[in-house]
Number of protein chains: 2
Amino acid sequence: MEQRRADNIAEQLEELIFNGTFSDGDRLDEVRLAEQFGVSRTPLREAFQRLALSGLVELIPRRGAFVRQPGPVELMEMFEVMAELEAVCGRLAALRITDQALEELRDANAKCQAAVEARDSDEYYAENERFHRIIYQQSGNNFLAQEAAKLHKRLKPFRRQQLRFRGRMAQSMAEHEHIMRALEMGTSDLAADTLRDHVAVQGEKFHQLMAALKSAAE
Amino acid sequence: MEQRRADNIAEQLEELIFNGTFSDGDRLDEVRLAEQFGVSRTPLREAFQRLALSGLVELIPRRGAFVRQPGPVELMEMFEVMAELEAVCGRLAALRITDQALEELRDANAKCQAAVEARDSDEYYAENERFHRIIYQQSGNNFLAQEAAKLHKRLKPFRRQQLRFRGRMAQSMAEHEHIMRALEMGTSDLAADTLRDHVAVQGEKFHQLMAALKSAAE
DNA sequence: CTTGGCATTCTTGTATACAAAAACGTTGAC
DNA sequence: GTCAACGTTTTTGTATACAAGAATGCCAAG
């Protein structure tokens, strides 16, 4: 026995849900997945529980585990909450941020810029995430930072799509500049508003994308 | 076999942690609890997972399940986040609240007032919770409402203590009045600020209480 | 007396076996 | 032909058995 297969399985299942192998409403068959992963049902059931807590899976008693992808409405709601959480982080961070953290923000932003010019979207995502994560941390509120990071992670697969809009990357970079300036100046309300808009626009773009896909299908 | 013992056990354990039977750092012994509840280890482990997700228990691989009560610092952080979440709910609710919901708020508030006069703290807690829950709902953002309710529930046992401050109940009632007025008028920023302060002061009071207890112990 | 290594014991993680509930298909009655 | 009731099958929930890692204590060596 190695150790903690259940965790590993939870991650793999998460990946399978994100990449679309399983989609909304699919029932996750315990026995089938068990032999597929080469384990017994026990660790799989543990993995289900873990996924249920992060919201990816719904556990219905006596019925099984069902994939639960958020619909457009729920997604918009989540983006709205994300925007507010980021705004709070920004407001607190503007007062509490350290010089060193500011330096790291500049670094992350510079690498973001480089990634945009190199058309390296993976690099862009990574550095963008670092940028936001620094702000969460610098809120000085660890609980808040964790909650923000949790939701950020959950929205990750949807944020990617929205960035395919023409010119969105450049616009996003400009917004980052404004955010940094607000943090440097320590103007908390401005930092909050700028961050809120920065995230809210992602929700908006996503909404537009959904609408476009829908009308294209008709 | 009845059905879903695991859920039941999770609830009971939650209660045991809240009422102080288990306190911070305690290890939850699988076998001991299993025979205590008259079940096998399997449903217990499921219950642990569920408690871990709500943050009451920390699961350390190969070590076991440990009770994880938030310390003073984390508690303050949680109250800060709660204050901000309520503020957001208030800001949105001020724009979206229905007349019927306003009526229900008035009703909950009146019953709160009656409970204060009757010195019925249980009733007060119940109606106070209803008051806040209505605001969560009226934010029009279901995801937000759920998150707010989740954190509200988690802070419940700590909120109770803080209300023992002299005159806190009356002050809280006055704050409720202000909140309602802001919601009636539809002034979202005012509603947000009033709610934020209303919750933040709870954190403050709690802080004072902790300090008082600490200095009394010296 | 202290410390390091080894063996024993205890506890967690996983597999398998069993029980009960829900899903499914078949058959029979109207 | 349709619908309902019953029996079969599948699938979930729980118990138990087993394997492996961590904790503990003992003994010996310095």
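This is a predicted model: local features need pLDDT of at least 70, side-chain atom pairs count only at pLDDT 80 or more; totals for chains, interfaces and linings use all residues.

Reply:

Residues are numbered from 1 along each chain as its sequence is written, chains are lettered from A and ligands numbered from 1 in the order written, and side-chain values use heavy atoms, without hydrogens or water.

Strand 1 (residues 27-28) of chain A pairs with strand 3 (residues 64-67) of chain A in the antiparallel sense, over two bridges. Strands here are DSSP runs of E, at least two residues long, numbered from the N terminus, and a pair needs at least two bridges found by DSSP. Strand 3 of chain A also runs antiparallel to strand 2 (residues 57-60) of chain A, joined by four bridges. There, Glu58(A) stands opposite Phe66(A). Strands 2 and 3 of chain A form a hairpin with three residues between them, and Arg62(A) in this hairpin takes a positive phi near 65 degrees.

For the rings, the whole structure holds two aromatic pairs over all chains. Tyr124(A) and Tyr125(A) have ring centres 6.1 Å apart and planes at 75 degrees, so they are edge-to-face (centres within 6.5 Å, planes over 60 degrees apart). Tyr124(A) is buried at 1% relative accessible area (buried is under 20%, with a 1.4 Å probe and protein chains only). Tyr125(A) is also buried, at 16%. In chain B, the rings of Tyr124(B) and Tyr125(B) likewise have centres 6.1 Å apart and planes at 75 degrees, so that pair is edge-to-face.

Conventions
Rings of Phe, Tyr and Trp (its six-membered ring) pair if their centres lie within 6.5 Å; planes under 30 degrees apart count as stacked, over 60 as edge-to-face and the rest as tilted. Buried means under 20% relative accessible area, exposed over 50%, partly exposed in between (1.4 Å probe, protein chains only).
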